[in-house]
Amino acid sequence: MNLTQLWSPDPSGKPQLHKLDGSDNFANQIYNEIFVRQCYKQVPVGKHDVVLDVGANIGVYAFWAISQGASLVDSIEADPANHFCLLENIKLYNVVHLIKPVCAAMTDHNGTVTLYRNTHEGGHT
């Protein structure tokens with residue numbers, strides 16, 4: 001999968017489209033972590049696997065899983081700003097049939113939880 005740009009939120013949650021050009025921004029950092037440094041290479045994803053991505057953020061791991069042959073990625077992201085960027089990235093690369101986004105939190109109990117946004121870095125809650 002040839003990613004050239006990604007949507008990611010700035011620290012205030014505003015979405016921004018970033019070129020993947022090595023700049024020091026969140027989109028480039030997470031792309032480099034997953035695609036360049038291959039931090040998930042020890043987690044095997046094979047052809048036709050279905051992957052559950054909890055804490056999907058802007059979707060970079062989902063794109064990596066698809067590039068490894070996964071047939072479907074269920075991407076769960078609780079932060080609305082990250083989820084919006086996840087949706088935009090899915091549309092940008094036309095993988096709506098491969099990545100199924102859900103805006104929800106996963107916890108060990110039913111109910112409502114408070115989500116705290118990191119105001120110093122984009123993309124982290």
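1. Let's start with Val-50. Leaving aside residues up to four places away in sequence, Val-50 touches Ser-71, Leu-72 and Asp-74. Keep in mind throughout that this is a predicted model. Val-50 counts as exposed because its relative accessibility is 56%, and the cut-off for exposed is over 50%.

2. Next, have a look at helix H2. How many of the eight residues of H2 are buried? Seven are, so H2 is largely enclosed by the rest of the structure. The buried ones are Val-60, Tyr-61, Ala-62, Phe-63, Trp-64, Ala-65 and Ile-66. What do they pack against? Their partners are strand E1 (5-9), H1, E3, strand E4 (72-76), helix H3 (80-92) and strand E5 (99-102). Just after H2 comes Gly-69, with a positive phi of about 115 degrees.

3. The crossing of H1 past H2 is right-handed.

4. Which residues make that contact? On the H1 side you'll find Ile-30, Tyr-31, Ile-34 and Phe-35, and these meet Val-60, Tyr-61, Phe-63, Trp-64 and Ser-67 on the H2 side.

5. Now the aromatics. Searching the whole structure turns up five aromatic pairs. One of them joins Tyr-31 and Phe-35, with 5.1 Å centre to centre and 15 degrees between the planes, and this pair is stacked. Why are these two about one helical turn apart? Because they are four residues apart in helix H1 (residues 26-36). An α-helix has 3.6 residues a turn, so residues three or four places apart point the same way. Both Tyr-31 and Phe-35 are buried.

6. Another pair is Tyr-40 with Trp-64. The ring centres of Tyr-40 and Trp-64 are 6.4 Å apart and the planes stand at 40 degrees, so this pair is tilted. It links distant parts of the chain: Tyr-40 belongs to the loop between H1 and strand E3 (50-54), Trp-64 to helix H2 (residues 60-67), and the two are 24 residues apart. Together with Tyr-61, Tyr-40 and Trp-64 form one aromatic cluster.

7. Finally, a couple of backbone details worth checking by eye. His-48 has a positive phi of about 75 degrees, although it is not a glycine. You'll find His-48 in the loop between H1 and E3, and with a relative accessible area of 58% it is exposed.

8. Asn-94 also takes a positive phi without being a glycine, at about 50 degrees. Where does Asn-94 lie? Look in the loop between H3 and E5. With a relative accessible area of 55%, Asn-94 is exposed.

Methods: Residues numbered from 1 in each chain as written. Predicted model: local features only at pLDDT ≥ 70, side-chain atom pairs only at ≥ 80, totals over all residues. Heavy atoms only, no water. Phe/Tyr/Trp six-rings, centres within 6.5 Å; stacked < 30°, edge-to-face > 60°. Buried < 20%, exposed > 50% of the residue type's maximum accessible area, 1.4 Å probe, protein only. Left-handed = near helix turned anticlockwise from the far one by under 90°. Contact = heavy atoms within 4.5 Å.
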